[in-house]
Amino acid sequence: GLLFDEDLFFCNEHTFATGYQGCENLLQLEDKPTAIISTNYDITIGLVTAVRERGLNIPDALDIFGFDCVDICSMMRPPLPVVHQPEAEIGSLAASYLIQRLDGYTGEPRVTKLKCKHNI
């Protein structure tokens with residue numbers, strides 16, 4: 001039931017700096033968010049760094065949900081909840097589909113959904 005709010009969304013390169021600056025921008029809002037969802041490892045680490053530099057505790061002051069940074073986030077205390085894509089399976093399947101195309105596959109475009117894992 002939440003409405004999309006452009007002020008609570010930031011998009012840029014998938015880098016530490018994007019996460020850091022995005023978090024800084026969000027934490028300067030009058031009505032600060034209570035949780036942030038990240039889209040990749042580098043952005044998540046930037047978010048965490050910005051929050052900690054402000055002296056805020058995760059998850060007491062702000063919840064952060066990561067994406068594809070299972071190893072580092074599981075070492076944090078408390079561990080950050082993380083969604084992990086099956087990267088090896090994605091790469092293998094993409095290579096298989098490409099080889100099939102090179103071998104003459106002309107069927108319909110395929111949409112393949114793979115299960116993600118999470119530590120939530």
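In the predicted model, the side chain of Ser-38 forms a polar contact with the side chain of Thr-44 at 2.6 Å (N or O atoms within 3.5 Å; within protein, one able to donate a hydrogen and the other to accept it, with residues adjacent in sequence counted only if both atoms are side-chain atoms). A polar atom of the Ser-38 side chain also lies 3.2 Å from the backbone oxygen of Asn-40. Ser-38 is located in the loop that joins strand 1 (35-37) to helix 2 (41-53); helices (H or I, at least four residues) and strands (E, at least two) are DSSP runs numbered from the N terminus. With a relative accessibility of 3%, Ser-38 is buried (under 20% relative accessible area; exposed is over 50% and partly exposed in between, with a 1.4 Å probe and protein chains only). Leaving aside residues up to four places away in sequence, Ser-38 touches Ile-43, Thr-44, Leu-47, Phe-65, Gly-66 and Phe-67 (heavy atoms within 4.5 Å).

Phe-16 and Tyr-20 lie four residues apart in helix 1 (residues 16-27), about one turn of the helix. Phe-16 is partly exposed at 36% relative accessible area, and Tyr-20 is partly exposed at 23%.

Arg-110 is placed over the face of Tyr-97, 3.9 Å from the ring centre, and over the face of Tyr-105, 4.1 Å from the ring centre (CZ of Arg or NZ of Lys within 6 Å of the ring centre and within 35 degrees of the ring normal).

Residues are numbered from 1 along each chain as its sequence is written, and side-chain values use heavy atoms, without hydrogens and water. As the model is predicted, local features need pLDDT of at least 70 and side-chain atom pairs count only at pLDDT 80 or more, while totals for chains, interfaces and linings use all residues.
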